[in-house]
Amino acid sequence: MDVKAIVCVILYLVCAPFIGGLLDGFDRKISARMQGRKGPSVFQPFYDVIKLFQKEPLIVKRSQKFLVMTYLLFMVITGSLFFAGMDLLLCFFALTTCAMFLVLASSFTHSPYASIGCQRELLQMMAYEPRVLLTAVGFYVATDSFAVREIVTKDISAIAYMPAVFIGFLFILTIKMRKSPFDLSTAHHAHQEVVKGVTQEMVGSNLALIHLAEWYEYVFLLGVVGLFIVNSHPISYVVAVVVILLTYFLEILIDNVSARVTWKTLLFSTWFVTLISGGINITILVLMQR
């Protein structure tokens, strides 16, 4: 690993929680404005996490704490691999492992609400995992490499070869960020019948660690969005930041104007988008390269 990769990893480890927390804060602020409210401070997520760490720990089983910490650890590893320029496919496999540890941590509570949340979390994984893998395959077909460090050195941005893959990734981004209409397993706002779903029984430091993991995940996912845009030209990094901010605003907008759908609609719509945006786009790329 070269010096540049090490610096990028250190910056991710240090800055990602602050960037993710601010994004969460702006999410609350913008959502409130869309609903005609003033909303909390953009720093409110940080206040919430600090308060959660100060609460008395209430743990059903000690192994739950270990699983939550492992969930956070794998999320940190996922982002570190990505910003170190490693294999994109490996990053996505690590991301899937993160979700599995979250499900395991939640299932240890034996709460009926948490159990429903776990089932729906697994269902969501079944829906978006094929699309995530197709995203990695799309990058390989378009750039002849899975390595992030090589993808960003190409003369032409990957989105020029796979615009439909990009649109499909934005679709599953709504699921990964737990936004309406796909907030089936849990939500950042208590407006569904299972309340907080997979995090229903998470309290105190456990819930704080989950929030930290989500902030790391935000930065990683938005980093993948930027990967579609970045190329060998320095100006592409500026364009990537603009696209990332517009993408995040779009997710907030969708969250505020959409009602939660059923699991059947989630599966059908996600697999349909996967087939259309991913399958056709990648097939065309393969045929063009022959």
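Contact, in these notes, means heavy atoms within 4.5 Å.

**Entry 1. Ground rules.** I am working with a predicted model, in which local features need pLDDT of at least 70 and side-chain atom pairs count only at pLDDT 80 or more, while totals for chains, interfaces and linings use all residues. Residues are numbered from 1 along each chain as its sequence is written, and side-chain values use heavy atoms, with hydrogens and water left out. Helices (H or I, at least four residues) and strands (E, at least two) are DSSP runs, numbered from the N terminus. I call a residue buried under 20% relative accessible area, exposed over 50%, and partly exposed in between (1.4 Å probe, protein chains only).

**Entry 2. Thr247.** I looked up Thr247, which is part of helix H9. Its relative accessible area is 5%, so Thr247 is buried. Leaving out residues up to four places away in sequence, I found that Thr247 touches Leu170, Leu173 and Val225.

Entry 3. Which residues of H2 are buried? In this helix, residues 44-54, I noted Pro45, Phe46, Val49 and Leu52. These buried residues line one face of H2, because they fall within an arc of 125 degrees when seen down the axis. The arc is taken from the directions that run from the helix axis to the C-beta atoms. I then asked what covers the buried residues of H2. The cover includes helix H1 (3-34) and helix H8 (204-227).

**Entry 4. Helices H4 and H5.** Two packed helices are described by the angle between their axes and the distance between the axes. For helix H4 (residues 88-107) and helix H5 (residues 112-143), the axes come within 10 Å and cross at roughly 180 degrees. Axes are lines fitted to C-alpha atoms, for helices over the stretch in contact, and angles run from 0 to 180 degrees between N-to-C directions. H4 and H5 are therefore roughly antiparallel to each other. The cut-offs are under 35 degrees for roughly parallel, over 145 for roughly antiparallel and 65 to 115 for roughly perpendicular, with the rest oblique. Among the contact residues I noted Phe92, Phe93 and Met100 of H4, and Met125, Tyr128 and Phe139 of H5. The residues of this contact divide into 16 nonpolar, four polar and two charged. In this count Ala, Val, Leu, Ile, Met, Phe, Trp, Tyr, Cys and Pro are nonpolar, Asp, Glu, Lys and Arg are charged, and the others, Gly among them, are polar.

**Entry 5. Aromatic rings.** How many aromatic pairs does a search of the whole structure find? It finds 15. Rings of Phe, Tyr and Trp (its six-membered ring) pair if their centres lie within 6.5 Å; planes under 30 degrees apart count as stacked, over 60 as edge-to-face and the rest as tilted. Phe169 lies in helix H7 (residues 163-176) and Phe228 in the loop between H8 and helix H9 (235-257), so the pair links distant parts of the chain, 59 residues apart. Phe169 is buried at 2% relative accessible area, and Phe228 is buried at 0%. I also recorded a cluster in which ring pairs link Tyr12, Phe82, Phe83, Phe92, Tyr216 and Phe220.**Entry 6. Backbone exceptions.** Most residues other than glycine have a negative phi, and most peptide bonds are trans. Asp144, in the loop between H5 and helix H6 (148-151), has a positive phi near 65 degrees. Arg178, in the loop between H7 and H8, has a positive phi near 60 degrees. Is each of these residues buried or exposed? Asp144 is exposed at 59% relative accessibility, whereas Arg178 is buried at 9%. The peptide bond from Ser180 to Pro181 is cis, with omega near 10 degrees. Pro181 is placed in the loop between H7 and H8.

Entry 6. I found Gly197 in the loop between H7 and H8, buried with a relative accessible area of 0%. Beyond its neighbours within four places in sequence, Gly197 is in contact with Tyr113, Ala114, Gly117, Ser185 and Thr186. Asp27 lies in helix H1 and counts as buried at 4% relative accessibility. Not counting residues up to four places away in sequence, Asp27 touches Lys179, Tyr248 and Ile252.
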